[in-house]
Amino acid sequence: MKIIHSEKGLFQQFTTQKIIFLICAFLCLMPFISSPIALVLGFAVTQIFGNPYEIQSRKVSNILLKVAVVGLGFGMNIFSAIQAGKEGIVFTVVSISTLMILGFLFTKIFKIEKATGYLISAGTAICGGSAIAAIAPITKAKPNQISVALAVVFTLNSIALLIFPPLGHLFNLSQHEFGLWCAIAIHDTSSVVGAASKYGEEALQIATTVKLARALWIIPLSFLTLLFFKNTTSKINIPWFIGLFLIAICVNTYIPFIHKFSPIIIDLSKAALTLTLFLIGTSLSFKMIKNIGYKPLLMAIILWIIIGVGSLIMIMNLA
């Protein structure tokens with residue numbers, strides 16, 4: 001009888017866990033839940049109740065982010081996107097080159113494993129988890145090295161989502177300046193779009209365009225990584241969804257009929273993004289942060305401060 005009671009209690013607890021998780025996920029589709037709140041809610045739910053859909057959450061968040069980004073393209077104009085891309089190209093080239101060189105030096109100074117240091121540098125320089133996922137097979141990184149790189153980048157990425165909008169207001173940044181700063185200084189596309197959407201529509205358009213243009217640098221970096229790690233067998237992953245994003249912008253620019261549906265598509269895309277950030281929040285934990293180790297974390301923080309402060313100074317001076 002005791003065993004049956006215990007199993008029943010376990011079943012009830014597991015069911016309650018699922019219900020709470022699904023209710024919170026549903027709430028994140030509501031307009032009154034912002035991106036930062038969704039991230040914090042996901043983190044809190046996992047710490048208190050656990051995540052009964054841990055594996056599914058990672059897969060769904062990856063797909064949802066791509067769908068959301070493509071959907072946001074229906075609210076943009078091709079000419080504005082080209083202008084934003086041109087403006088961001090100088091920042092992109094300078095920042096990626098600088099961070100990869102500094103990352104190599106810090107890897108040596110802190111005596112961090114070569115693959116771990118390289119993945120942290122790539123994730124900070126280009127687009128967080130996407131860059132790490134694309135580069136990791138080429139470096140032949142071990143699972144624990146990939147986990148450390150992802151953990152440190154996602155931790156700092158989540159902090160950035162929370163602190164960048166208040167900092168933008170503190171420094172009195174315009175929509176244009178903040179969007180550019182987000183795209184350069186925040187690691188992952190999800191938090192770039194989340195922070196920019198909280199700041200304003202113009203910031204969102206600038207940040208999304210520049211960040212996705214930046215993400216294309218995964219391709220040349222992959223070729224350089226093949227040479228750096230002397231790997232001639234691995235395949236290069238190309239972020240094809242960026243092409244769909246560009247198609248969405250062209251459709252919105254040249255097919256006026258779609259303008260009737262654009263506001264609905266954009267609202268759905270923003271809701272998908274908020275849910276994505278909730279799911280990303282559920283993947284964070286104190287245990288994960290503890291397992292990072294202080295050297296990789298210190299290296300990542302230094303690189304992040306350099307790109308954050310450096311890009312902000314450049315943007316404010318140009319303004």
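How many helices and how many strands does the protein have? It has 14 helices and 0 strands. Both are DSSP runs, numbered from the N terminus: helices are H or I with at least four residues, strands are E with at least two.

This is a predicted model, where local features need pLDDT of at least 70, side-chain atom pairs count only at pLDDT 80 or more, and totals for chains, interfaces and linings use all residues. Residues are numbered from 1 along each chain as its sequence is written, and side-chain values use heavy atoms, with hydrogens and water left out.

**Whole chain.** Select everything. The C-alpha atoms fill a box of roughly 70 × 55 × 45 Å along the principal axes. Of the 319 residues, 50% count as buried. Buried means under 20% relative accessible area, exposed over 50%, and partly exposed in between (1.4 Å probe, protein chains only).

**F21 and Y53.** Select these two next. They form a tilted aromatic pair, 5.5 Å centre to centre, with 55° between the planes. Rings of Phe, Tyr and Trp (its six-membered ring) pair if their centres lie within 6.5 Å; planes under 30 degrees apart count as stacked, over 60 as edge-to-face and the rest as tilted. F21 sits in helix α1 (residues 2-27). Y53 is in the loop between α2 (35-49) and α3 (54-72), 32 residues apart from F21. F21 is buried, at 4% relative accessible area.

**F106 and F110.** Move to this pair. The ring centres of F106 and F110 are 6.0 Å apart, and their planes meet at 35°, so this pair is tilted. Both F106 and F110 are buried.

**Last stop.** Select F104, Y118, F228 and F229: they form one aromatic cluster.
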